[in-house]
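Trainee: Could we go through this structure by question and answer? I would like to begin with the ligand site.

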Amino acid sequence: MSCHKKSYITTPIYYVNDIAHIGHAYTTIIADTLARYSRLSGLDTFFLTGTDEHGQKIEEAAKTRNKSTKAYADEISDTFRNLWDDFDISYDKFIRTTDDEHIKGVQKAFSTMYANGDIYKDTYKGHYCISCETFFPLTQLVDDEFCPECGKSTSVVEEDSYFFKLSNYQDRLLQYYEDHPNFILPKSKRNEVIRFVEGGLMDLSITRTSFDWGVKLPEEMNEPKHVMYVWLDALMNYITALGYGTDDAKMDYWSARVQLIGKDILRFHAIYWPAFLMSLGLPLPTHIAAHGWWTRDGEKMSKSKGNVVNPKEVADAYGLDNFRYFMLREVPFGGDGDFSQKALIDRINSDLGNDLGNLLNRVIGMSGKYFEGRVDSKDVAKYYQAELDEVHASLEKLEPLLFDMQIHRYLEELWRPLTVANRAIDRYEPWNLMKNGKEDEAMALNGLISAILAKVSIMLYPVMPEVCTKISKALDFTIDNNSWENMAKGTDLLEPFVLTKIDPLFPRIEEPRLAQIEPIDKVVEKPKKEVKKSKEKSNDTEGIAFIGIDQFFQTSLKVGTVVEASEVPKSKKLLLLQVDIGEETPRQVVAGIKEWYSAEDMLNTQVCVVANLKPAKLMGIESQGMLLASKDKDGLCMIRPEKPKTAGTPIG
Ligand code: MSP
């Protein structure tokens, strides 16, 4: 391999407050795909993953389970590592924030930022959400108490704290985003970040004194009560894993090529992290790529909601590579996706079975019947140059799509050569070629189909390593940097070979294989308190929580007409509406719909309003009702009366 260019790919490090679900598997599988591609293309690749083990959230999770924090962190960290090993994730290092080298590296980073004048001591007074491990000013809280991100109750914190001068970096960050338009991917997310930074950055509290499960400050600070804010500690993992602050052994891999994250942690990675790096005098990563969420029934899958899907169970039932393909193909990167077995089965039967598996069966059948398994490509260009050109044109488009994080389009484009191949068999009818004595043409067709399968399987390998290795064995070639260079990027065809018959790769799936996807709570013992709470909530009959009619009529639903609409200043999500529901004055409603509707779209339209909800404050503005809406993977739409109705007409 001639090229020694370095490529560093990272996943977020996962909290050890519970075990992995498919959201985590998604992040890791995308990163694994990029890392595998990177290696295949000859880059010297380092792929990092690991676990995030400090902070109040973990301390509390351990306490509810009556375990020591370290023992608990060890146990859950192992479940992540074991899952990735089961999934054959090709990580080069699994970092834990409780590792000694990491702790030393974080302390070194703190000292450096302090020496650079970016850290000062003051008192922090404000609200803290333990679940999100985030500070919020009062103006951002819902109802003056609840976290605007996860809705949980926040606690008031007043303590001595060291602060990082984030405010000093506002202009440099904005300049950086402007100079590096691909720093944050997808582009839509970049705009969100820019708007947030333009809104003004406050200095960041980076130490805590009210608990101690965290990295201590460097000794020279002489502050035994302080531990580092968990996000400062966690973000540093990306460089401490390379030896920052200890032996610097692998620091030549920095900066990273792609740092993969979910959209919920974009602010930390696109604002705090670059500011820390600037303060440390280190280069910034090439891409911060934020994917969307896996949801169930439209709600974000999360450990705390107990609606999560166990990735191991799905992979065992449907095949690991099939699961990987599905996740990457089904949802455009950056968008949300609802997990369903039906969609997974459709992808397996259709894309994988009909298009890919069937093509392999066809060439096995064809070469077996007419040529005792032999395949020779010498005449392919003579008879099928047009098809080859079409295939090569598609293959050429692939690589930029992958590192632009358009992975679903990468796979879509990769399927075009398969269409070319299937179409060629239908058009040239090998059985007729043989009947008419055109043996050379039939053999060349064999060579064409085999070459297409080989080229596709090289480029598909990073997504489906096991399946593609099987295809390469059947076609007697090896997937490596050479074949990538010559056959996938170049125009080489296969050397003459004898096809090895293999069993169908994607037997048709008729029925869902999991009677019901078990909530992951059944796999991991939940703290007793939570289990009780969820039982109390419903009279569960086969998953449906029934309520009585009286309970339903306790909700007052009314038709309303939007008589005024404007944007809530500084909010990405909120519109401020005045809605006439037949009362003396219109109701003021703050609705989180701005991503899908402008103020203009809403003006003079009718909506359905929940009219007897306790008023709540959103970004400091009182909301006196809620609008009915429905959201799926294509976005959100309002629920409205089919025909105009008088404002205030009851619904029910
Ligand atoms: N520990 C922090 C990350 C620190 S990185 C320096 C953290 N951990 S997490 O375990 O809560 O989440 C890790 C990753 O999983 C995030 O990228 C998050 O977006 C992703 N997912 C968690 N739930 C998810 C879904 N339901 N769907 C898709 N991915 C989501 O945040």
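Trainee: How far does a polar side-chain atom of Asp52 lie from a nitrogen atom of the ligand?

Mentor: This is a predicted model, in which local features need pLDDT of at least 70, side-chain atom pairs count only at pLDDT 80 or more, and totals for chains, interfaces and linings use all residues. Residues are numbered from 1 along each chain as its sequence is written, and side-chain values use heavy atoms, with hydrogens and water left out. For the side chain of Asp52 and a ligand nitrogen, the distance is 2.7 Å.

Trainee: How much of the ligand's accessible area does the protein cover?

Mentor: Accessible areas come from the Shrake-Rupley method with a 1.4 Å probe. On its own the ligand has 660 Å² of accessible area, and the protein covers 96%.

Trainee: Which elements give two or more residues to the shell around the ligand?

Mentor: Helices (H or I, at least four residues) and strands (E, at least two) are DSSP runs, numbered from the N terminus. The elements are strand S2 (14-15), helix H1 (22-40), helix H7 (230-235), helix H8 (237-240) and strand S12 (258-262).

Trainee: Which residue is the bridge partner of Gln578 in S23?

Mentor: Two strands pair if DSSP finds at least two bridges between them. S22 and strand S23 (residues 587-591) run antiparallel and are joined by 5 bridges. The partner of Gln578 in S23 is Gln588.

Trainee: Which residue takes a positive phi in the hairpin of S22 and S23?

Mentor: The hairpin has 6 residues between its strands. The residue with a positive phi, near 80°, is Gly582.

Trainee: Which backbone oxygen does the side chain of Gln606 reach?

Mentor: Gln606 is in strand S24 (residues 606-610) and is buried, at a relative accessible area of 15%. Within protein, a polar contact also requires that one atom can donate a hydrogen and the other accept it, and residues adjacent in sequence count only if both atoms are side-chain atoms. At 2.6 Å, the side chain of Gln606 reaches the backbone oxygen of Lys645.

Conventions: Buried means under 20% relative accessible area, exposed over 50%, partly exposed in between (1.4 Å probe, protein chains only). A polar contact is a pair of N or O atoms within 3.5 Å; within protein, one must be able to donate a hydrogen and the other to accept it, and residues adjacent in sequence count only if both atoms are side-chain atoms.
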